[in-house]
Amino acid sequence: TTIRSLVLLAMAVAAIIIIVAVLVQPSNPDGGRNVITGTNDSYYAQNKGHTKEGRLKRLIIISAVVIFVLTIAFFVIEHFFAG
């Protein structure tokens with residue numbers, strides 16, 4: 001049950017990180033326009049991964065992957081220890 005508790009705690013921490021990162025991100029009203037055309041028309045848009053917004057986006061993706069992996073691990077642990 002200790003492993004189960006640690007996995008649940010790690011999932012909760014990752015979920016809180018996602019919530020905070022999404023709330024900290026600034027809104028982008030022009031974001032939908034470039035998605036339709038598929039163009040990165042500025043130097044800033046091409047190097048967006050090195051900005052605060054890019055780091056927040058990367059943090060959200062990593063936290064979501066962590067939650068996904070831990071959820072699968074949780075159910076695998078439950079299956080083996082329940083039976």
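Is E78 buried, partly exposed or exposed? I looked this up first: E78 has 28% relative accessibility and therefore counts as partly exposed. Here buried means under 20% relative accessible area, exposed over 50%, and partly exposed in between, with a 1.4 Å probe and protein chains only.

**Basis of the entries**

I note that this is a predicted model, in which local features need pLDDT of at least 70 and side-chain atom pairs count only at pLDDT 80 or more, while totals for chains, interfaces and linings use all residues. Residues are numbered from 1 along each chain as its sequence is written, and side-chain values use heavy atoms, with hydrogens and water left out.

**Overall make-up**

I recorded four helices and zero strands for the protein, and the order from the N terminus is α-α-α-α. Helices (H or I, at least four residues) and strands (E, at least two) are DSSP runs, numbered from the N terminus. Of the 83 residues in the protein, 16% are buried. I then took the accessible surface, which comes to about 6600 Å²; carbon and sulfur atoms hold 69% of that surface. These areas come from the Shrake-Rupley method with a 1.4 Å probe, and for residues only the protein chains shown count as cover.

**Salt bridge**

I returned to E78 and searched for its partner. The structure holds one salt bridge, and E78 forms this kind of pair with R4, the closest N and O atoms being 3.1 Å apart. The criterion is a side-chain nitrogen of Lys or Arg within 4 Å of a carboxyl oxygen of Asp or Glu. E78 lies in helix α4 and R4 in helix α1, so the pair ties together parts that are 74 residues apart in sequence. R4 is partly exposed, at 38% relative accessibility.

**Nonpolar core**

Which residues make up the largest nonpolar core? I found five: V7, M11, L70, F74 and I77. Such a core is a set of buried Ala, Val, Leu, Ile, Met, Phe, Trp, Tyr and Cys residues joined through side-chain atoms within 4.5 Å. Helices α1 (2-24) and α4 (52-82) each supply at least two residues of this core, and the largest share, three residues, comes from α4. For M11 I listed the contacts beyond its neighbours within four places in sequence, and these are I67, L70 and T71.

**Aromatic pair**

My search of the whole structure returned one aromatic pair. F74 and F75 form this pair, which is edge-to-face, with 5.5 Å centre to centre and 80 degrees between the planes. Rings of Phe, Tyr and Trp (its six-membered ring) pair if their centres lie within 6.5 Å; planes under 30 degrees apart count as stacked, over 60 as edge-to-face and the rest as tilted. I compared the cover of the two partners: F74 is buried, with a relative accessible area of 12%, whereas F75 counts as exposed at 54%.

I placed S63 in helix α4. S63 has a relative accessible area of 5% and is therefore buried. Leaving aside neighbours within four places in sequence, S63 is in contact with A14, I17 and I18.

G54 is also a residue of helix α4 and counts as buried at 12% relative accessibility. Its C-alpha atom is separated by 9.7 Å from that of Q25, 29 residues away along the chain.

E53 belongs to helix α4 and is partly exposed, with a relative accessible area of 27%. I noted 9.2 Å between the C-alpha atoms of E53 and V24, which are 29 residues apart along the chain.

For L8, in helix α1, I read 36% relative accessibility, which means partly exposed. L8 and T71 are 63 residues apart in sequence and 8.5 Å apart in space, C-alpha to C-alpha.

**Nonpolar surface patch**

Which residues make the nonpolar surface patch of about 690 Å²? I listed I61, V65, F68, V69, I72, V76 and F80. Patches are made of residues with over 30% relative accessible area and no salt bridge; like charges are joined within 9 Å, and nonpolar side chains (Val, Leu, Ile, Met, Phe, Trp, Tyr) within 5 Å. I checked V69 in particular: V69 is in helix α4 and counts as partly exposed at 47% relative accessibility.

Conventions. Contact means heavy atoms within 4.5 Å.
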